[in-house]
Amino acid sequence: MQLLKFGGTSVAGADSIRKVISIVQNALSKDKTVVVVSAMGGMTDLLIDAGRLAAGHNLRYKDRLRDFRNRHLKVLDELLTGDLFNTLKGTVEEKFRELDSILEAVYLLGELSPRTQDSIVSQGELLSSLIISKAFESCHIPNLWADAREIIRTDAAYGAAVIDQEKTQEAIRNYFNINQAQLYIVPGFIASDSKGVTTTLGRGGSDYTAAILAAATSAARLEIWTDVSGMMTADPRVVGNARAIPFISYKEAMELSHFGARVIYPPTIQPVMQKGIPLWIKNTFSPDDTGTLVESSVSENRNTVRGISSIGKIALISLEGSGMVGIPGFSRRLFGALSDDKINVILITQSSSEHSICAAIDEINIRRAKAAVDREFSIEIIANRVEPLQVETGLSIIALVGDNMKNHPGISGKMFGAMGRNNVNIRAIAQGSSEKNISAVISTSDEKKAINVLHEEFFETAFRQVNLFVIGVGNVGSRLMDQLRDQQKFLLDQLRLQVRVVGIGNSRKMVLNEEGIDLGSWMEQLNEGIKMDLDDFMAFIADKNLRNSVFADITSSELVASCYARLLRKSVAVVACNKIATSSPFENYELLKNLAREYNTSYLFETNVGASLPIIGTLNDLVRSGDRVNKIEAVLSGTLNFVFNNYDGSVPFARIVKQAQDEGYAEPDPRIDLSGTDVMRKILILARESGLRMEMNDIGSNSFLPESCMQGDVAAFYLEMEKHEEHFRELYRSAADQGCKLKFVASLENGRASVGLQQIGPDHDLFHLYGKDNVVLFYTNRYVQQPMVIKGAGAGAEVTASGIFADIIRVARV
């Protein structure tokens, strides 16, 4: 004999029921078959709601009852014709009248007892099984409808009745010995107590019905047919890359189902495990899919972790007090009080000092739990030996499950490290001695992110997903978008990285999409986006709480830079092209660096100095390896180097500056470059990264611009430069007469920094510097006579974008 159980989605309508008939026909060719069915999808909830409304004197219960009736009559009409239809319609109408009478009584009394509720909700399985039985008959497939209430006996704990195993096994064996058939149709979920009163086995109890029948009849196999192709490595509604688990042990399946895997009802596994009956979980809508086979042992086990599951709406209760230390019996009394009040404990943890005991329970039970425990320990609470029970809500449990974890050290560290890197705070931890399960209590707001992070860590060897937010898509930012688009395949194939841009903003518009923005049409999407609101943009990052989040700032906005601290506190990595934060007061610079360390994330700003040249990274390597920077000489402005390399007095100085701006080397306001402010920021950043505590006003500046050039707007600036053309020619002639070149040099030596225009002779390392190139010379304890030299293009949209891109990749690969 074999057992096939079909869930609510599998029998939700006429088309689904026809699929069930096809599956059962195929099964009948192999063996005698018992089919257990749930209520049609959504009907149990509808009946529960009807009962609740009736008890609250709300006549809308009649609407629910009408929906219930119409749904069943519609399916009946689509499946049956002739005498079969007329006969069953009369039975169905009689059931509706019975149900209407019960609900009317509930409405008049204003009371809904658990016993009455069981009587109401049982109608879903009774009607669906009767309709399905007649549907088989209409297809000329003989079958016997068996009332589960006659063969499954329970106690009188209505709503979640406990099976009387001995009486049930005897009743099942007797029934199947006396009633011979090739096909039996049985309603799941329902049973009866010793007085014959209808009881139910708890939500999901139809699985349990099938398992009880399979165990009692020593069935060859049990198949649970649902709407997914087996148990998954994680909930596919949460993890897009979740995949089916082809094989799993009974104990692993029990752990996953206990901790929230919704494919199977937790008590289902125990009866078949005791009898060693194979359990298949299959998909009604894709019957050819392999599904999941649950057995006593699994030989194929490539993954250390079998699956990840979670339970939401959890409360953490804590009993604490100095009076607990060294005194036996506190645990027994705590759990005894909860047990007496029928409160199930999901997870337990206790501190080694015996000062506290922690337990996780369903949030719905917190008031009863607190009352029961405070009552039990009332004397100790009055004496201040124990504190009143503490309750924390808004929590979830996330669990890693796998038989093979016990053979692999470091799983816990890997689990908690992955969550820590993504700012998932852990409130409590539990691990059984069997090492099949590692559970952690976390905030419900972090549940989705934690599941995705762990699934990526333990299952997704194919790639790591990075969620990128970008503000500033002008000259440099748009080049970054193009580079990201063009490199998508390379990153996936070679680095196993999937960089998803989920937020883009500029000064006018923003577009946000948790599922990712198509980089082939990002500009069109941005133009059609909503009005830019920086607070809303930051709120989206915080609320979505996506794993491996990176924020790239490609602006020169002080307001955007002010958001870094709040991002870092959320463990969102920051990649900044914007120099404002790193050149802000030292306290803020230090705060951001410390926050990155504290929240285990990254704050990178390589492009602050030298575009994509590896200047800051190299300096960091020198310092971390124990070297000491004694002196820095550098040309750090691509704009100024371009200007002085191209100016010889034959073309006006203002025109050369305008050319630099047009070619993308200069800031929108070129005075930032020509005044030396930008270079001052850069040498300040290098000084700080070399270990010095320095502020902007500590840097000496020798400006070559006449004061009047700094007045007014950008247009006035160009006019003033034209007026002072002779001043610029004189600067050039003075240098050229001595065989020198003009270079705007930044220096750091003996803790002092300065910037200014210098005449550089041919024997100097800075002399042979062309175009928009930058150069940095590091003189250190190790590089004394010959400095370490870093030289190359230090300006331009493409190279700057590539530097930002490189920082994003560095973050992603940490």
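Six strands make up an open sheet, arranged in the order S12-S13-S11-S14-S16-S15 with antiparallel pairing, where two strands pair if DSSP finds at least two bridges between them. Strands (E, at least two residues) and helices (H or I, at least four) are DSSP runs, numbered from the N terminus. This is a predicted model, in which local features need pLDDT of at least 70 and side-chain atom pairs count only at pLDDT 80 or more, while totals for chains, interfaces and linings use all residues. Residues are numbered from 1 along each chain as its sequence is written, and side-chain values use heavy atoms, with hydrogens and water left out.

- S15 is joined by five bridges to strand S16 (residues 437-443), the two running antiparallel, and Ile 426 stands opposite Ile 442 in S16.

**Helices on the sheet**
- Helix H8 (residues 250-258) lies across strand S11 (307-320), S12, strand S14 (390-401) and S16.
- Helix H13 (residues 411-421) packs on the sheet, touching S14, S15 and S16, where contact means heavy atoms within 4.5 Å.

**Nonpolar cores**
- The largest nonpolar core has 95 residues; such a core is a set of buried Ala, Val, Leu, Ile, Met, Phe, Trp, Tyr and Cys residues joined through side-chain atoms within 4.5 Å, and buried means under 20% relative accessible area (1.4 Å probe, protein chains only).
- Helix H5 (residues 114-138) gives the most to this core, with nine residues.
- A second, separate core of 81 residues includes Met 538, Cys 563, Leu 567 and Met 680.

Definitions and conventions. Buried means under 20% relative accessible area, exposed over 50%, partly exposed in between (1.4 Å probe, protein chains only). Axes are lines fitted to C-alpha atoms, for helices over the stretch in contact, and angles run from 0 to 180 degrees between N-to-C directions.
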